Each structure stands twice: as C-alpha cells, then as structure tokens.
Amino acid sequence: DVTEIEEKEAQAKEEEQIIKEQELSNLLHEKRYLKALGLAISLDRPHTVLMVVKVILKESDGRKHLEENIVRLRKDQKEALLAFLVTWNTNSRNCHEAQAIIETLLKHEAPNSLLEYSGIKSAVESLLPYT
C-alpha cells in the first residue's frame, strides 16, 4: 500500500508551495522584481505573474523597471511570459500589461531570436486580433 507515501509527498508539495508563496510575497515587499518574476513564472501561475507585473507598473518609472527586468529573464522564462500574455491580451483589464511586455520583447529581442521561441507562431496569430 503506497497511500501513506503518496500522502506524505502531497503534503511535502503543499508545504513547498506555501513556502514559495511566502518567498514571492517577501520578494515583492523588498522590491526584488526580477526574482519575483522568475519565481512566479517557475510556479507556472499566470495570474501571479500578472500581479507581479502590475505591481512593477504601479511604481514610479514602472515601465522602465518592467523593461529592465524582462530583458534580464532567461529565454525559457520569456517564452512562458509570452504564453501568459496571449491570454492576458484578450481581457481589456489586463491588455495594457500584456502590451507593455510585448513592446519590451519586440524592442529588445532580434527578430531571428523571437522566431526561435517555442509557440511564437500561434502566439502572434492569437495576439493580432486583439492588438
């Protein structure tokens, strides 16, 4: 019977999730946005990433801070961000954040580099009607 082992694994995962959520909260409080973005992306929580982006944009010079942080993300993190923003862009409440990220990616990534992103074709097709 492996139910006890599975329960312990599930409890360990839940505890790890709570610790990461607390860490994310602390990072935002300390205004360590790059780590906060990276952690939210690694948790695979689009809504949490959106909240981090909104917090950054509320700062004075928020667009500049957002740009600085997005540029410093790894390629896989930028790909995940692109996938998230496709959904955000379809909602008028979140489209401004999505557009700010799109602008940053288009300004700082070479076209050939963007073409290497996984899912770029479907992302562009999804973004066009709403952009």
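Modeller: Quick ground rule: buried means under 20% relative accessible area, exposed over 50%, and partly exposed in between (1.4 Å probe, protein chains only). This is a predicted model, where local features need pLDDT of at least 70, side-chain atom pairs count only at pLDDT 80 or more, and totals for chains, interfaces and linings use all residues. Residues are numbered from 1 along each chain as its sequence is written, and side-chain values use heavy atoms, with hydrogens and water left out.

Biologist: Is glutamate 59 buried, exposed or partly exposed?

Modeller: Glutamate 59 pairs with lysine 31 in a salt bridge (a side-chain nitrogen of Lys or Arg within 4 Å of a carboxyl oxygen of Asp or Glu). Glutamate 59 sits in the loop between helix H3 (46-58) and helix H4 (62-71), and lysine 31 in the loop between helix H1 (3-29) and helix H2 (33-42); helices here are DSSP runs (H or I, at least four residues), numbered from the N terminus. With a relative accessible area of 23%, glutamate 59 comes out as partly exposed.

Biologist: How many residues apart in sequence are the parts tied together by glutamate 103 and arginine 63?

Modeller: Their side chains form a salt bridge at 3.0 Å, N to O. Glutamate 103 belongs to helix H6 (residues 95-108) and arginine 63 to helix H4, so the parts tied together are apart in sequence by 40 residues.

Biologist: And glutamate 79, buried or exposed?

Modeller: Glutamate 79 makes a salt bridge with lysine 75 at 3.8 Å, N to O. Both are in helix H5 (residues 75-88), about one helical turn apart because 4 residues separate them. Lysine 75 is partly exposed at 39%, whereas glutamate 79, with a relative accessible area of 18%, is buried.

Technical notes
Helices (H or I, at least four residues) and strands (E, at least two) are DSSP runs, numbered from the N terminus.
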